[in-house]
Amino acid sequence: MFLEPLLWGLFSLGGFITAFLFPITLFLLFFAAPFGLWPTDPAAYSVFVQRWQEPLVRVFFFVLIGGSLFHGTHRLKFMLVDAGLRGPGVQAFLDIILNAVAILGSLAALYYAVRGWLF
Amino acid sequence: MADQDVVFRVKRYRPESGAKPTYQEYRIPYRDDMVVLDGLNYIKDHVDPTLAYRWSCRMGICGSCGANVNGQPRLTCGTYVRDVHRGAVTVDPLANFPILKDLVVDFDDFLTKLSSVTPYIVREDWGDLTKEYTQFPEDVEAYRQQSLCINCMLCYAACPVFGASPAFVGPAASALALRYIRDTRDEGADERLARLNTKSGVWECTFVGECSVVCPKDVDPAGALQTLKVLATMRHMRRLLMPKSASR
């Protein structure tokens, strides 16, 4: 089965997530909250735990992590290929390793997203 | 009147001699309004009639006179010596193609790839050929940019992916495939996308973007390749999820 279009589709979708959602999330969690720009208690872990109970928040973090992983690993593969790591064997190895990282990372994110919610 | 000279370092390759390509230097009169092609023509006419290179229109339309000038793929008819002069003007044949002689390279591989994407309007039924196939201005605008391609192949010379993987269909053939896919008169999109949705098709492209940088007609082949990836992915997913209704 030819998987390149499917993997590129995830890379493309992940590009949108990485470009827009990731910086916003980083800003909110690591700058806005600690520096008092966001009206929340920066030390209140309980606030985050409370929000984590909402399905939309779980889906958001699953999509954020999974999309960023697929985008990042695909982009890393392109960079390594452009840097000279070429050849059918090398590229197949990169495909396996980097896609495995993205898939396993996404599965881990999915596990934590549904844990305590679906099971 | 020439009041100074310019040195041209030109790559020479004479296959009949069996020797490897070497550089030959020519000192010729400099004019402020001379383009690189003028320099080559001067060498050919006054210094060394054995120099071989392609050229035709001298106005950036035919796409024949492409060469690597000081390491950059350029049309020699549109490159002023004053813009590239750094002590000497070094002229090499276009990179990534086999050299036939001096600055003349073999384009057969490109022509095979170009024909593989059917760069013409494909229709099942041409209907009444005495009638016009009406297009609105926005229909023409959809493919106008890609239709400006003059097949000069500077994009192939600039593409590191094509250099490393010669099977790659490449930038110009992809841009021209998109030109016909976007044409409302055309019905051959599915066959073209089937050809491009392969390992040696659009998926070889790693979006380096040099093809669009060197394109003398602003065709933006890199953008065309990304659009084709979207179209190929949509076609692929439609065929996976809705095999019965999958068409254009």
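A cavity here is a set of grid points where a 1.4 Å probe fits but cannot get out. The idea is simple: rolling a probe the size of a water molecule over the atoms shows where empty space is left. Please keep in mind that this is a predicted model.

By that rule, there are three cavities of 30 Å³ or more. The largest cavity has a volume of about 100 Å³.

Now strand 3 of chain B. Are its faces covered or open? Both are covered: B:Gly66 and B:Asn68 are buried on one side, and B:Ala67 and B:Val69 are buried on the other.

Next, its partners. Strand 3 of chain B pairs with strand 4 (residues 72–75) of chain B in the antiparallel sense, over four bridges. In that pairing, B:Ala67 has B:Arg74 as its bridge partner. The two strands form a hairpin with two residues between them, and B:Asn70 in the turn has a positive phi of about 50 degrees. Strand 3 of chain B also pairs with strand 5 (residues 88–92) of chain B, again antiparallel, over two bridges. There, B:Val69 stands opposite B:Val91.

Last, the second largest cavity holds about 80 Å³ of space. Its lining includes B:Cys149, B:Cys152, B:Cys155 and B:Cys215. By class, the lining residues are 10 nonpolar, one polar and one charged.

Conventions. Residues numbered from 1 in each chain as written. Chains lettered and ligands numbered in written order. Predicted model: local features only at pLDDT ≥ 70, side-chain atom pairs only at ≥ 80, totals over all residues. Heavy atoms only, no water. 1 Å grid on protein atoms, 1.4 Å probe; cavity = no way out; pocket = protein on both sides within 12 Å on 5 of 7 lines; lining within 4 Å. Points joined across faces, edges and corners; volume = space filled by probe spheres on them. Nonpolar A, V, L, I, M, F, W, Y, C, P; charged D, E, K, R; others polar. Buried < 20%, exposed > 50% of the residue type's maximum accessible area, 1.4 Å probe, protein only. Pairing = 2+ DSSP bridges.
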